Amino acid sequence: VSKLGEAIYHNKNFSRRVLMTALISYGEIAVPLLIRKLSDPFDAVRGLAAEILGEIPNPQALPALIKSMEDPSPEVRARAAYALGRIGQPLAVRQLIAGLSDSFWYVRLQAARSLGRLASPRAIYDLWLRLTDPHAQVRLAAAESLVLIGPPALQALTSQLLYTADRYAREQVSEVLQQSGLIGRWIDDLDTTDETVVQQVQELLVAAARGGTLVSMVNALQGHPRPQVRMRLLDILGMAGMPPALKTIHRVALHDP
């Protein structure tokens with residue numbers, strides 16, 4: 001632990017990696033010494049100590065890391081946010097939510113990711129606000145974390161998909177919804193006689209298509225076993241008016257059984 005500063009300030013990258021690996025291997029024995037380093041006068045030492053504590057997820061570091069979320073160095077705040085997500089204690093939620101409003105984008109990014117790991121419904125509204133963050137990685141992390149929170153956060157995602165005027169936010173949400181499998185589930189929901197469900201799903205899929213998320217819909221249009229689903233997907237892609245789908249629609253016109 002006493003060698004951390006030496007490794008940082010002499011640019012001995014290999015030594016830094018070795019020290020990190022060694023301290024992580026010691027596990028909780030190293031935690032009290034690393035906690036003390038969170039008060040080191042040098043920003044880089046405090047940041048590295050927080051980073052290592054994130055790799056030794058131990059609740060005894062929680063109070064010190066929560067305090068580090070108010071550190072004057074944004075790098076330390078970011079690494080503390082990462083570590084709090086790794087420890088996985090709900091006591092950190094309030095401080096991580098505060099981190100979503102940090103002026104430094106990398107702190108907001110790590111806070112958003114950690115709130116997804118904690119999956120706390122308390123963070124839904126604040127993560128929803130970050131769906132229009134100026135930085136693309138923060139928007140993506142917020143959307144991914146809302147997916148991780150699960151059903152309670154679904155309305156926040158779909159409202160952003162349907163009503164946002166921010167094209168980039170819609171694209172980000174659409175992509176995350178596709179990666180999570182939700183787009184695929186909505187496509188399967190088209191095979192129902194409940195017209196209310198069909199109307200809701202169509203509206204969501206049109207918005208997702210306009211957000212540029214076409215892969216799942218184009219694949220289903222070519223290969224879904226239910227003709228009813230393929231028919232409704234044609235309507236959806238027509239309403240979305242997305243030129244990239246034209247080749248697939250033409251292929252379906254010629255070859256769909």
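The protein chain has 17 helices and 0 strands; both are DSSP runs, numbered from the N terminus, with helices being H or I of at least four residues and strands being E of at least two. This is a predicted model, where local features need pLDDT of at least 70 and side-chain atom pairs count only at pLDDT 80 or more, while totals for chains, interfaces and linings use all residues. Residue numbers run from 1 along each chain as its sequence is written, and side-chain values use heavy atoms, with hydrogens and water left out.

### Overall form

Let's start with the whole chain. The C-alpha trace spans about 70 × 35 × 30 Å along its principal axes. The radius of gyration is 23 Å, whereas a compact globule of 257 residues would have one near 18 Å. That radius is taken over C-alpha atoms, and the globule rule is 2.2 Å times the number of residues to the power 0.38.

Of the 257 residues, 48% are buried. Here buried means under 20% relative accessible area, exposed means over 50%, and partly exposed is what lies in between (1.4 Å probe, protein chains only). As for contacts (heavy atoms within 4.5 Å), take those between residues at least 6 apart in sequence: 64% of them join residues at least 24 apart.

Two packed helices are described by the angle between their axes and the distance between the axes. The axes are lines fitted to C-alpha atoms, for helices over the stretch in contact, and the angles run from 0 to 180 degrees between N-to-C directions. Angles under 35 degrees count as roughly parallel, over 145 as roughly antiparallel, 65 to 115 as roughly perpendicular, and the rest as oblique.

| Helix pair | Axis distance | Angle |
|---|---|---|
| Helix 6 and helix 8 | 8 Å | about 5 degrees |
| Helix 10 and helix 12 | within 9 Å | roughly 40 degrees |
| Helix 14 and helix 16 | within 9 Å | roughly 45 degrees |

Helix 6 (residues 74–87) and helix 8 (residues 105–118) pack at about 5 degrees, so they are roughly parallel to each other. Helix 6 brings Pro74, Arg77, Ala78, Ala81, Tyr82 and Gly85 to the contact, and helix 8 answers with Tyr106, Val107, Gln110, Ala111, Ser114 and Arg117. By class, that is 7 nonpolar, 3 polar and 2 charged residues. The classes work like this: Ala, Val, Leu, Ile, Met, Phe, Trp, Tyr, Cys and Pro are nonpolar, Asp, Glu, Lys and Arg are charged, and the others, Gly among them, are polar.

With helix 10 (residues 136–149) and helix 12, the axes cross at roughly 40 degrees, which makes helix 10 oblique to helix 12.

Helix 14 (residues 195–210) and helix 16 (residues 227–240) cross at roughly 45 degrees, so helix 14 is oblique to helix 16. This crossing is right-handed as well. On the helix 14 side, the residues include Glu195, Val198, Gln202 and Leu205, and they face Arg232, Asp235, Ile236, Met239 and Ala240 in helix 16. The contact divides into 7 nonpolar, 1 polar and 4 charged residues.

### Buried spots

Helix 12 (residues 167–180) also holds Ser174, which is buried with a relative accessible area of 0%. Leaving aside its neighbours within four places in sequence, Ser174 is in contact with Leu161, Ala207, Ala208, Gly211 and Thr213.

In helix 15 (residues 215–223), the buried residues are Ser216, Met217, Val218, Ala220 and Leu221. Their cover includes helix 12, helix 13 (182–188), helix 14, helix 16 and helix 17 (246–255).

### Out in the open

His10 sits in the loop between helix 1 (4–9) and helix 2 (13–26) and is exposed, at 53% relative accessible area. From His10 to Pro244 is 234 residues in sequence and 53 Å in space, C-alpha to C-alpha.

Leu33, in helix 3 (residues 31–37), is partly exposed at 39%. Leu33 and Val1 are 32 residues apart in sequence, with their C-alpha atoms 7.0 Å apart.

Finally, Ala119 lies in the loop between helix 8 and helix 9 (124–129). Ala119 has a positive phi of about 55 degrees although it is not a glycine, and it is partly exposed at 31%.

Technical notes: Left-handed = near helix turned anticlockwise from the far one by under 90°.
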